[in-house]
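Open the model in your viewer and keep the selection tool handy.

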Amino acid sequence: MGMYEDVFRASLEDPERFWLRAAEGVDWEVAPSRALDPSAAPFYRWFPDGRLNVCFNAVDRHVEAGRGEQAALIYDSPVTGTRRTYTYARLRDEVAAFAGALTGLGVGHGDRVVIYMPMVPEAAVAMLACARIGAVHSVVFGGFAPPELAVRIDDATPKVVVSASCGIEGKRVIPYKPLLDRAVELAGHKPYKQVILQRPQERAELGPDDLDWADLVAGASPAACVPVAATDPLYILYTSGTTGKPKGVVRDSGGCAVALHWSMAAVYDIGPGETMFTGSDVGWVVGHSYIVYGPLLAGATTVLYEGKPVGTPDAGQFWRVVAEHGVKTMFTAPTAFRAIRKEDPKGTLTAEYDLSGLRYLFLAGERLDPETYHWAAALLDIPVIDHWWQTETGWPIVANPVGIEAAPVKPGSPTRPLPGWDVRVLDPAGQPVEAGVDGAIVVKLPLPPGSLPTLWNDDDRYVASYLSAYDGYYLTGDSGHIDEDGYVYVMGRTDDVINVAGHRLSTGSMEEALAAHPDVAECAVIGVADALKGQVPRGFVVLKAGTGRDPKEVEAELVRLVRERIGAVASLKEVAVVAALPKTRSGKILRKTMRGIADGHDEPIPSTVDDPSVIETLRPLLRRPDHRA
Ligand code: COA
Ligand code: AMP
């Protein structure tokens, strides 16, 4: 029997032993005497009597172990022409100073801090500083517009918001401060203070409730690490659900530290002193887990890259980063590779760099299409590893764990479930399906450490969203199948979530934005296949009778509205005014049928359709190749 099978079986047969052993990779103030506490099931708790500090584990302990002069974080920013290396000792000092500054503002154990920042090292410093004093951070992706930030401020009720004067998007400088001010104006909850990192590209004008990061830190005394319960939240990360209200995924401290530390060696084959480059953003779970916490918990070096895979200034930047910083494992979303391929189809720019140290390319965030897989594998001649996970799970559910045993790759599949994950496929009646048959992908409870214990302040929504569909199972929201060799195939979401350039977005929240327009009677937003971004949203609206408006004008207003309400990241570039939307006789909009037609499938017209002629009228518009690459 292979190594993978042994480890996988051990994790499910005796999770107590498996995870207590994994917990030995972490330094505890009070070591846990047991792994799982099922007493409040389905609210499982990991390491219930353990106490630790995650920042200590990610930073200080490496300094104490003599690795103070090793690079912890390399900031590589082609958009500002900056490279800066933080050794573990420097990182500890900067984190301790900012933690002291937060303490001075009255932030303590359990208080929330919202971080709305571009890809600058201070974003990681702010996250770690919260962890250091037992505060709970909630990072909001910089591409979200003020109303989205306001919703998160209202839900997390932070004492302090940490932001920057601006972000840099390609060649554009985006002032963040006006966005933050607008969000605070919209929010019902008012933070006590806002800390602003002034960037030279565009400084912000500070108001009476704003503090300059540099001034604040200059006057602060360093804060020590505060041990917290393993079950205390480390962070809240909001993610898109079916409705416009995002879900506040909670990550507990002990489970997160143990699982991420374990995954670094087992999945990514990264150990102390080795370098990982994750091309994502600290605003997403990938950034939390594998730009910040994972590599640092392992005592490795992480690259924090501020730029795009293409256009900043060229499609060779990822290769430059790999060569310049000695990257062993790289991780990004397939869309980044599609973008590079579009610019440099033959991958000629790789020849300009020494990529001999690169051992693995990991891809996640959306389905890895076989074409992109083959292109990347042929170009780099290293294992290209698709892996599947979610904000909720915090680390991969299904992957090819090269640190345990590399399995043969089957393009189109992220390989097999990782230890800790008991993945099943069920039919609508909750019965297991045969190998190869599609169904809902679920995970048998309890979920392993590091996955969400609940939603912030909303146990009921946690149960309703994830645990109520199939008793005893976590609903992933993805559908797919498992083949006879145990390989999982993830085919797509079963809900209104779409993945646009690896960014998880809700079509429901876009519909809410469109419906807010005074001339809109009803609307539908669907995600359609896109050669570059995987999926892009398209909107269809019916105007109220007698508005007398020029449809083209309204369409442009609607595109702007979604950008203002959700953010540029929504990428809703196309909205069409139509006479009617196809519906069932009971009035439900046939979004799935619309999506199928738009994607060019031979979509059957459901028998429940109210008026088939509506679909026929819409068909040419849905099929239109439009702006898609
Ligand atoms: N702040 C402000 N605006 C942002 C932003 C941020 N942090 N991030 C994105 N945006 C804006 C972009 O500028 C763009 O605006 P535009 O419509 O005015 O051009 C819009 O949001 C859409 O962004 P994006 O979907 O990223 O498209 P893009 O054309 O700028 O780049 C890719 C496309 C494929 C190059 C890019 O999405 C990418 O590198 N993705 C892969 C990696 C990744 O981050 N995955 C996340 C999870 S792993
Ligand atoms: P997020 O929470 O932003 O990480 O998005 C999670 C969702 O992205 C999953 O539920 C899937 O729909 C999709 N996803 C992530 N990784 C993969 C993958 N490797 N293959 C297919 N879909 C993926």
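In what order do the seven strands of the open sheet run? The order is β5-β4-β17-β16-β18-β19-β20, and the pairing is mixed. Strands here are DSSP E runs of at least two residues and helices are H or I runs of at least four, both numbered from the N terminus; two strands pair if DSSP finds at least two bridges between them.

Before moving on, a word on ground rules: this is a predicted model, in which local features need pLDDT of at least 70 and side-chain atom pairs count only at pLDDT 80 or more, while totals for chains, interfaces and linings use all residues. Residues are numbered from 1 along each chain as its sequence is written, chains are lettered from A and ligands numbered from 1 in the order written, and side-chain values use heavy atoms, with hydrogens and water left out.

**Stop 1**

Next, colour 275-278 (β16) and 301-305 (β17), which pair in the parallel sense over three bridges. T275 has T301 in β17 as its bridge partner.

**Stop 1: ligand 2**

Select ligand 2 and its surroundings: 15 residues, the closest being H387, T391, D478, R493 and R504. A residue counts as near if one of its heavy atoms lies within 4 Å.

Try the distance tool on the polar contacts (N or O pairs within 3.5 Å; within protein, one atom must be able to donate a hydrogen and the other to accept it, and residues adjacent in sequence count only if both atoms are side-chain atoms). A polar side-chain atom of R504 is 2.6 Å from an oxygen atom of ligand 2, and one of N499 is 3.1 Å from an oxygen atom of ligand 2.

**Stop 2: ligand 1**

Finish at ligand 1, where 26 residues gather and E169, R172, K308, R563 and K573 come nearest. A polar side-chain atom of K573 lies 2.7 Å from a ligand 1 oxygen atom.
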